Amino acid sequence: MQKLRREAIERAKLNSACNTMISTLFVVLVTLLTLFICDLSGLVQLDKPLQYVSAANAIKDQIPERNFISASQTGTLEPLQGQHIDKVNVVKPIIDHREYRYLELENNLKVLLIHDSESEMASAAMDVKAGSWHEPNEYPGLAHFCEHMLFIGSQKYPQTGFFDDLMAKGGGSSNAYTEAQNTNYYFEITVNHLGKALDAFAHFFIDPLFNEDAVNKERNAVNSEYEIDVSTEDWKVVNLFALLADPKHPASRFSIGNNDVLAKEGVVQALKKFYQDNYSSNVMSLAVSSRLTLNEMEKMVKVFSKIENKNLIPQSISGFPYQFGLLGKYKTEKKLVLLNWQLSGREQFVHQKPLELIDYLLNNGNLKDYLKEKQLVIEFESSIFIEQNHFVNYIIELTLPEQPLEDGNISLEITRIINNYIQQLEEWLKDEKYLEEIFKEQSQISKINFEYMEQPQEISSIAKNLNKYEAAEVLSSSFVMDVFDKDLILKYISELKKTDNLLILIGDDEYQFTDNTLKGNNKEFLKDKRLDKKSDIYRLEYATQKLTKDSIKIITQKDSKLQKLFTKPEENLFIPDDLKLVSLCESNQSKLPIMVHSDQLKPLDKEGKLNVLLHAGQDLQEFSQDECKKEENVYQKNNHYPILLNKENNQWWKVSTQFKLPAVYGALSIQYTKPITIRQFTSARIYNFISDEQINKQLRQPLATGYSVELDIGKQIEIKAYGFSEKVRGFFNSICGCINPFREKSQSLIELEEKKEEDSPDFIRAKQSLITSIKDIFQLKLYEQSFQLYLPSILRKDFFNPELVLQQIPDITEEQMLSDIKDILQNSIQSSLLIGNIDQKNAQDLSAELQTCIQDKDAKFEQQTRLPISVLSLNGKNWVFAKFVESDKGDLNGVTLNYYQIGQRTQENFALMKILQPLLNSQAYNHLRTDLQLGYVVAMKFKQVSCIDGALFLVQGNKELPMKVNELIEEFLMQFDEYLKTMNKKQFEHLRHSAIVELRQKPQTLSEEADRLWGYINSDDYSFEERQVTIESLKSISKEQIIEFYENVFINNRSKISVQLYGEGMVSQTLSLKNNEEFESYIKANIPEGASLFTDTESQYYDCPNDVSSV
């Protein structure tokens, strides 16, 4: 739900994608020229489940949020004595409790300090106005390489891995990214380690080491990153844009770097020169956040004044970088049309937000609906693709049906329709009254979403904004929308109508490379399935051709008949007026709800301080109004548990206004009580896509206002929704109208019928979307496939193989799908949670309505129980599962995912894992990645599979074969055992304290609180006090217990499976094997001693009573 809330706000931004429901589940895509490094455990989401989702959206840059600021809500900033003359007020949201102080150090380094009294974690970020566009042509990728090297060591802290070890001791993480004209470094750590971390961080920029041995080692990590990224679907468009850039412009540069370019003689001196020429305190900005006082943090950051001020003036790069007015084709794994416009820069229009307004109008009329109804597209998404201060690329990605592109001119037809809509949009906007009303409406939405922005901005974003905008607007700059400029809006509309700044890209899996140069007109070019250009460094095949006059005429010619079919966005009725917070003192409830009391805490609570029953059932009427408010505030601060409203239907509620957010989060789960077949599962996934599309179509207004929904229909049904409390009941009921197959047609928004001669267009599109989403799974990076696809398929008995699901899709009819959905729902039980700005009476009423949200209101259900979940018991096994992955031709990478099964969760084991996790991850990273250079992706994590705990070690790279990496992981585990035994008492206490601090961290937002509680309720595990119990357990854990646990899991009694994936290039080039048969023979001949190939015959399983997942 935390993600849900963020997406709700982002819905009011430019990134208003058509398929909003599905977008919540998208794989996170790379930002152009944004190269993430360092703490891969922060990026590698080992707990991410496999999702059958819509096709991945366009590769996007982060879109600034379109919002409004309130001049009355500010944080007072006291200047540093003698270093900043003026007092600066940072504009902040109404609900933001943080305090801010802006200062400039004597070396002109800009600093923003943030006092957050509620957070146990501290964070910091440094942004530098130097990126890949500033590097020399001789060493492409040098800026990215420099970013890597700053983490390796400094003169004060020369030990390799010192910073990573510090992060581990403090339960933290670090990362960085390089963009075209800036580089950003950031970390998070427990507050008691902040001082040391800031000092080490400062020396990144004071006295970095560019040791030749370290440079030679780290170059392999950069090369591994290149090998992982270069062939992925995410990066193909990014790389294609570099190929289409003006060769004289730095945008054409190969910005990642690899061994070919970074192994050149003189690279060490080049790194030092790049750093000296581009890193200076006057082009840097620092942001620091913690619960320490502003004065305490101010003392800590004084070390940053040692960074040299070279008074640099950042290099100015102007002009449009890309060659447009083109048609382009490239080989990809799905059928796409990408429309890209190169527009004038918008950085100076912070308060106007013209492109955001236009994007809202493009996404909230009927353009998307028209394209879908004509069966031209199955998905429509828009975003900013690339942006710098003097230009911005706006992109619309359209996913096409899976049928062969017999006529390539479909791309011109789609472009013609969109251009006609833009023409009609221009006519609508000439009505100044309508335009002003739309702007006022969007400004109001923006204001509300800023004022009630519960999730603090990422520390890295704050540092970047501080380097870009005025200090007073560092929080609000991406949100403010308070200056109406009709001419500016029409200027951007005019630019969108042009074709000389338009690039049309067509992606298709049927394209084949030819050595012959393509000739002919645009029509012939589009029908031709051949490509005549190839990039070896990007491993990309493509072709381009200038747009001809005939094509331009087709695209731009006005079609009056078509334009009359278009409709503009209507008045938004979901903008809230009443933002008042509810109070139990004023509601129909005259008593405080009774708090849950945990028997599990009693034996651990030796001092009698935990979980005190606070005025349980206290009659509020005996208090005066002021006293009642105090009692209520104390209750909310101390009560961490929800209240059970209805035991039979498992309905839960918690009033939560401590975050001052006038909103409600709702979650509903439908669990099946009988096993479902693969056909029923496939029907459920198709129905998910149909429901998603209906929600996006019918609830366009609230979704554009900041409301949000996340729907997942598969092995269970889960609905999560967020809305402003004033109108949330109508919003929830509308969602139910979109997804309930039992409702009468007059009450339902779904246009499906059980008996008809042919399938509806909605059903056909949903099947196409499911096919595309499954194909996307097999285009994930190898390491993502290892833990999202292959490991779950081995461990979970209820896992449905995506390839088998794909085979089911063609044979399922609309009638069968509806029948399957209704059969599934007849055998189910449900749970729900409402939390936020809602009192008990309204929660009971809404919960009663949600009870029949997706079920038959007339059905009579007998008492049923959840299905147990079967998880494979490894029971002392040492298995190897090896797979030749042929989806990405030329992929030289291999993946090793070693899974060590621990067994069913115990409280002691959970406490032990909390202590071990950061240290084990850090040491594995330092040894396997930094020392051995096995690959760019290295991570370790304890992970629960249903109710069974386990440990994962993940490595992706091309230096060693997965079978060898497996052996090296085993060697590391033996070394780490010795390291544990030599760990002194102080080191152990640091680890334990960091684990306690992490568990003690209270929810920082309403969405985080909702996520935490829903995790327990949805898994039917009501141990809400798990964190407090674990803290008490941690206090008595000894070093000896840690060693015993570690040796039992990883050395003496281990139960293990090694999942090994071999890329196509690794098999065909590195191993010189011709086919899968030769590969299998190779694997059998090289199985390590004591291991055997995985087999699921005669397997034993754990039966988990519920799908527990530790919160």
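Analyst: Strand 22, residues 708–713, is mostly covered, with 6 of its 6 residues buried. Buried means under 20% relative accessible area, exposed over 50%, and partly exposed in between (1.4 Å probe, protein chains only). Strands (E, at least two residues) and helices (H or I, at least four) are DSSP runs, numbered from the N terminus. The model is predicted: local features need pLDDT of at least 70, side-chain atom pairs count only at pLDDT 80 or more, and totals for chains, interfaces and linings use all residues. Residues are numbered from 1 along each chain as its sequence is written, and side-chain values use heavy atoms, with hydrogens and water left out.

In a regular strand the side chains alternate between the two faces of the sheet. Both faces of strand 22 are covered. S708, E710 and D712 are buried on one side, and V709, L711 and I713 are buried on the other.

The partner is strand 23, residues 717–724, which runs antiparallel to strand 22 and is joined to it by 6 bridges. Two strands pair if DSSP finds at least two bridges between them. A hairpin of 3 residues links strand 22 to strand 23. Opposite V709 stands A721 of strand 23.

A721 leads on to F732, which touches it along with G666, L834, L846 and L850, leaving aside residues up to four places away in sequence. Contact here means heavy atoms within 4.5 Å. F732 also belongs to the largest nonpolar core, which has 113 residues. Such a core is a set of buried Ala, Val, Leu, Ile, Met, Phe, Trp, Tyr and Cys residues joined through side-chain atoms within 4.5 Å. The members that touch the most others are I695, F731, F732, I735, I739 and Y899. Helix 25, residues 782–795, gives the largest share of this core, 8 residues. Another core lies apart from it and has 90 residues, including V111, A124, L292 and F304.

Strand 27 (residues 894–904) and strand 30 (residues 1056–1063) run antiparallel and are joined by 7 bridges. Both strands are part of an open sheet of 6 strands, in the order 28-29-27-30-26-31, with mixed pairing. Its edge strands, each pairing on one side only, are strand 28 (937–945) and strand 31 (1092–1093).
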